[in-house]
Amino acid sequence: MNQEFIDSFRHYQEYDNWFIGFNPLSKLNILFAFGLSAMFIKEWKYGFALCLMYCIFAILIGKAKPFFKSFSVLVLLFGVFTLILRQFSVHGTTVLFSFFGLFDVTEEALINGLDMASSLLGFSGAIILFFITTQMRDLMYSLEKRGVSHTVSYIILASFQTMKDLKKNMETIMESQKARGIETEGGIVIRVKAFFPILGPLILGAISGTEEKSIAMDARAFSAKCQHTFLRELKPVPVYEKIIVLLVNLFFAASVGFKIYTIFILK
Amino acid sequence: MAIEMKNVSFAYPNGYVANENLNLVIQDGENVAIIGQNGAGKTTAVKLMNGLHRPASGEMIINGYDIKDKTCAQISADVGYVFQNPDDQIFNSSVRAEVEYMPRYYKLSEEEIKKRCDKAIELTGIQEYLKMNPLDIPYPIRKFVAIAAILATEPKYLILDEPTAGQDKWGIEVLEKLLTGMQREGVSVITITHDMDFVARNYSRIIVMAHKQIIADSSAREIFWNEEILKEAGIKKPQIAQVAAQLGLKGNILFRDELTTAVLQMEGSRL
Amino acid sequence: MPIIELKNINYKYPLARQYALQDVNCTLEKGKFYGLIGENGGGKTTLCNLIRGLVPHFYNGKLEGEALVFGKDIRDHDADELAVKIGYVFQNPFNQLSGIKETVFEEIAMGLENLGVEKEEIIQKVIHVCKLLKIEDLIERNPNELSGGQRQRVAFASIIAMDNDLLVIDEPTSQLDPQGTEDVFEIIKTIKESGKTILLVEHKIDLIAEYCDEVLVMEKGHIVYFGETANILSDTALLAKGAEIPQVAIWGNEMKEIQRPLQYIPITVSQTVELIRKMGGN
């Protein structure tokens, strides 16, 4: 048996990168604060600067590929789409240019659109960064250590797994329907017809599986009343990490304060 | 017409090779058992026979045509495959509807549908469950419902993947009756199973698989008395044969009546 | 001291028309290996559910009679307490693993974590159990990627690691090949030798004959036979009740019928060989 692997449980879990090694709740706090700040300060200069920061940060921590993969989808969805939509809903006066004389793009609408888009991207970028730097099991571990129920943690993690299993189960069911003669390869009509024979066993399998799974978890002393121990542990939060989180929170508070100031005082 | 595998090898998309160089021919009406340890490649081999898997190399010919020209669903009209887990296959709300599903899918006449289904139901002994929801009947009986549903498609070759697992005495009896019934109809049955007594009693031809290959293809008597093959494949003799082997009795004994004869002879020669 | 005492048990699942258990009376002693056989639908799994406390705590339904587990009535037991004291392995390997652990090692450790065992002890117990079940090469694998047979062994390991006094095992070998099945029975034997009580539901009669101390036969919700393995499995009357007996036992009975009886009816290969050698008196 791999001794190194077994030994890894005797120490706190280690991560290559300083940020990824932060406590999941610290990461949640930091990234959520930045994300929310983008929603508050709905200014395109801030929003896009933040997005640029995310991109650079993703590269620095070695997660460039997964970040850009998800973020580019969102840029299209939230960014471009919102921007275009806003052109139709906001009416301004300063026309910048015209689309074939049919439609005017105004400065006000453009700015408004950019503000909206950048704040959405500023928020979602932070969320993406969180999920690519944090394993769900680590997050659940931290929450349990803070007192969240063991059952809640199991349900969340098991749900993620169930979704992954769903794909595999669907493939098995599809195979068995193919094997009895139901055509699954071909045009869209054929595939739609094959859908129903697959859906039934898939859902029923998931439901009946749930009963057995809960009995199985019961057999693993899931409901035992004593204090749980953990095989796999994360290091306690070091002081410098706490300081960083504090600074980020202060920054966030300051940005909210600044925004309120600009709205109410400067008006 | 036959199922022919010529130097067939199969590998999963991730590169893992599951079958190497399989060669076999299964004629119409043959009753074949495939045995061997888990991981030997039995299931992947039979999945090659109905198009669920495609050969990475070699030729897979069914009833004279190469399977590469047909979809799995098309091939299944000739080669029926009953999955190990019936719940992956059953989705209708009554047993009768499940059995009738494929004949209806093929748009056969009402008369033909009734004929086929009645036959399938009789062969699998599920008459008393017809109106019930498959989920309300015991799991081992559901296995028979899945078999009936495939039988209703009247394939020329029937593959059963571990039908004996979890079956009680009655279930085994129904399976044995089914095998006889299929023989009568001229349908080839290919069965994967771990039950050696069941194999010895019901199959004239046994294919032994180990390490992704076919290591033996012969009669029960020859295989269960070949120590090398048994060791390589990780299988054991049926109980009566074990007794005969330990006593050093001749004749490659497999069945009780043979043991009786041999023991009486042994006694007689002692006196 | 009996570990299980069932007196005049009648049980019906909710919404069921028929009783799943009828007039069940039996006593299970500590430290014995019991085999439970009989036709499907005969009540074997329900009996396991009862002993395990799932009936009545999980399944509800109508329970009549007295069921004492570890000396206390099952209705008075805390459901969670029973779950901890009684290990349970069942047939379907796909629903026995948590799905939330990324390695087999962690999966097996989970039960011990729930019991509050100290980390180093957890590690030692998991290593021990992996060696016992010969799954050392699987410890770093993701449980969700294992085959049915591998999952079954991991599920087994996970329960055995918890060191329960009573193990209820419902058809654990259905997905395993003959070698795997033998391994499981050997392990169960080892566990029994350390003083645990085991109730095993199986169809593989040869192995029941070789390993079990006593056998219960169920049919239509009743216990129709209960006694020492050698006595029960040598009786051809079982065949009419939907149960199997070993081929050598059937043969022994046949020899008796043709007036050439062996000293006694054998139920294992080694017994048969010995008896045949003794025939004709040497």
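The legends below describe close-up views of a predicted model. Local features are given where pLDDT is at least 70 and side-chain atom pairs count only at pLDDT 80 or more, while totals for chains, interfaces and linings use all residues. Residues are numbered from 1 along each chain as its sequence is written, and chains are lettered from A, with ligands numbered from 1, in the order in which they are written.

**View 1. Overall dimensions of chain B and chain C.**
Chain B contains 11 helices and 10 strands, and chain C has 11 helices and 10 strands. Helices (H or I, at least four residues) and strands (E, at least two) are DSSP runs, numbered from the N terminus. The radius of gyration is taken over C-alpha atoms, and the globule rule is 2.2 Å times the number of residues to the power 0.38. For chain C the radius of gyration is 20 Å, close to the 19 Å given by the globule rule for 282 residues, so chain C is as compact as a globular protein of that length. For chain B, with 271 residues, a compact globule would have a radius of gyration near 18 Å, and the value of 20 Å agrees. The C-alpha trace of chain B spans about 70 × 45 × 30 Å along its principal axes; the C-alpha atoms of chain C fill a box of roughly 65 × 45 × 35 Å, also taken along the principal axes.

**View 2. An open antiparallel sheet in chain C.**
Four strands of chain C are arranged in the order β2-β1-β4-β5, with antiparallel pairing; two strands pair if DSSP finds at least two bridges between them. Strands β2 (21-29) and β5 (72-73) of chain C stand at the edges with a single partner strand each, so one side of each has no neighbour in the sheet. Strand β4 (residues 62-69) of chain C is joined to β5(C) by two bridges, and C:V69 stands opposite C:K72 in β5(C). Helix α1 (residues 44-51) of chain C lies across β1 (2-12), β2 and β4 of chain C, and runs at about 120° to β1(C). Axes are lines fitted to C-alpha atoms, for helices over the stretch in contact, and angles run from 0 to 180 degrees between N-to-C directions.

**View 3. The two domains of chain B.**
The domain assignment, whose bounds come from an automatic or database source, gives domain 1 (2-235) and domain 2 (237-271) of chain B. Their C-alpha centres lie 33 Å apart. Eight residues of domain 1 of chain B are in contact with six residues of domain 2 of chain B, contact requiring C-beta atoms, placed from the backbone, within 7 Å. On the domain 1 side, α7 (196-202) and α8 (220-224) of chain B each supply at least two residues. That side comprises six nonpolar, no polar and two charged residues. Here Ala, Val, Leu, Ile, Met, Phe, Trp, Tyr, Cys and Pro count as nonpolar, Asp, Glu, Lys and Arg as charged, and the others, Gly among them, as polar.

**View 4. The two domains of chain C.**
Chain C is divided into domain 1 (2-245) and domain 2 (246-282), with 32 Å between their C-alpha centres. The contact involves 10 residues of domain 1 of chain C and eight residues of domain 2 of chain C. Helices α8 (205-211) and α9 (229-233) of chain C give two or more residues to the domain 1 side, where α8(C) gives the most, with four residues. By class, this side has five nonpolar, three polar and two charged residues.

**View 5. Crossing of α10(B) and α10(C).**
The axes of helix α10 (residues 239-247) of chain B and helix α10 (residues 247-257) of chain C come within 8 Å and cross at roughly 75°. The helices are therefore roughly perpendicular, a term covering 65 to 115 degrees, whereas angles under 35 degrees count as roughly parallel, over 145 as roughly antiparallel and the rest as oblique. B:Q239, B:I240 and B:V243 of α10(B) make the contact with C:Q247, C:V248 and C:W251 of α10(C). These residues divide into four nonpolar, two polar and no charged.

**View 6. The contact of chain C with chain A.**
Chain C contributes 35 residues and chain A 30 residues. Elements giving two or more residues to the chain C side include α3 (79-85), β6 (86-89) and α4 (104-114) of chain C; α4(C) gives the most, with six residues. The chain C side has 17 nonpolar, 11 polar and seven charged residues.

Note on methods: Two residues are in contact if their C-beta atoms, placed from the backbone, lie within 7 Å.
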